[in-house]
Amino acid sequence: MTAYAIAHVRSVELGPGILEYLARIDATLEPFGGRFLVHAPKERRAVEGEWDGDAIVIEFPGMAEATAWWDSPAYREILPLRTQHMAADIVLVPGVPAGYRAAEALHGLR
């Protein structure tokens, strides 16, 4: 089942470190089947609540691949380039199966 790395980026300090991170991240995703679905779009519309910052969504074939990417030596090597220049909240989450309906969540709540 598909999984996602989702980031709510609150601030970015543009400079050589973050530019190097951006130049190198794609190569860390490829071995794990990761690809960007959303990457800090210029156009966005907050329809409820506040949304300060940017959104990033990376898709993976599954949670195993997402976790393996996050823990990989290649990503760990460039991680400080991001953490030293970006404030963000990041989660790895599994997707839902095809045909999933929100009412299915009721089964776990009852």
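Here is a friendly set of questions and answers about the predicted model shown above.

Reader: What kind of model is this, and from which number does the residue numbering start?
Author: This is a predicted model, in which local features need pLDDT of at least 70 and side-chain atom pairs count only at pLDDT 80 or more, while totals for chains, interfaces and linings use all residues. Side-chain values use heavy atoms, with hydrogens and water left out, and along each chain, as its sequence is written, residues are numbered from 1.

Reader: What percentage of the residues count as buried?
Author: Buried means under 20% relative accessible area, exposed means over 50%, and partly exposed is in between (1.4 Å probe, protein chains only). The protein chain has 110 residues, and the share that counts as buried is 27%.

Reader: How do the axes of H1 and H3 run relative to each other?
Author: Axes are lines fitted to C-alpha atoms, for helices over the stretch in contact, and angles run from 0 to 180 degrees between N-to-C directions. For helix H1 (residues 16–29) and helix H3 (residues 73–83), the axes come within 8 Å and cross at roughly 155°. Angles under 35 degrees count as roughly parallel, over 145 as roughly antiparallel, 65 to 115 as roughly perpendicular and the rest as oblique. H1 and H3 are therefore roughly antiparallel.

Reader: Which residues of H3 meet H1, and how many of the contact residues are nonpolar?
Author: Contact means heavy atoms within 4.5 Å. Gly-17, Ile-18, Glu-20, Tyr-21, Arg-24, Ile-25 and Thr-28 in H1 meet Ala-74, Tyr-75, Glu-77, Ile-78, Leu-81 and Arg-82 in H3. Ala, Val, Leu, Ile, Met, Phe, Trp, Tyr, Cys and Pro count as nonpolar, Asp, Glu, Lys and Arg as charged, and the others, Gly among them, as polar. By class, the contact of H1 with H3 has 4 charged, 2 polar and 7 nonpolar residues.

Reader: At what angle do H2 and H3 cross, and which residues of H3 take part in their contact?
Author: The axes of H2 and H3 come within 6 Å and cross at roughly 60°. On the H2 side, Trp-69, Trp-70 and Asp-71 make the contact, and the residues they meet in H3 are Pro-73, Tyr-75, Arg-76, Leu-79 and Arg-82.

Reader: Which residues touch the most other members of the largest nonpolar core?
Author: A nonpolar core is a set of buried Ala, Val, Leu, Ile, Met, Phe, Trp, Tyr and Cys residues joined through side-chain atoms within 4.5 Å. In soluble globular proteins, nonpolar side chains tend to be buried together. Of the 18 residues in the largest core, those touching the most other members are Tyr-21, Ile-25, Ile-58, Phe-60, Trp-69 and Tyr-75.

Reader: Which elements give two or more residues to this core?
Author: Two strands are on the list, S1 (3–12) and S3 (54–60). The helices on it are H1, H2 (63–71) and H3.

Reader: Is His-85 buried or exposed?
Author: His-85 is found in the loop between H3 and strand S4 (86–94). Not counting residues up to four places away in sequence, it touches Ser-11, Val-12, Glu-13, Gly-17 and Ile-18. Its relative accessible area is 19%, so His-85 is buried.

Reader: Is Glu-30 buried or exposed?
Author: Glu-30 has its place in the loop between H1 and S2. With a relative accessible area of 60%, Glu-30 is exposed.

Reader: What is the phi of Ala-40?
Author: Ala-40 lies in the loop between strand S2 (35–39) and S3, and counts as partly exposed at 27% relative accessibility. Most residues other than glycine have a negative phi. Ala-40 has a positive value, near 45°.

Reader: How far apart are the C-alpha atoms of His-8 and Ala-40?
Author: His-8 lies in strand S1. Along the chain, His-8 and Ala-40 are 32 residues apart, and their C-alpha atoms are separated by 9.3 Å.

Notes: Helices (H or I, at least four residues) and strands (E, at least two) are DSSP runs, numbered from the N terminus.
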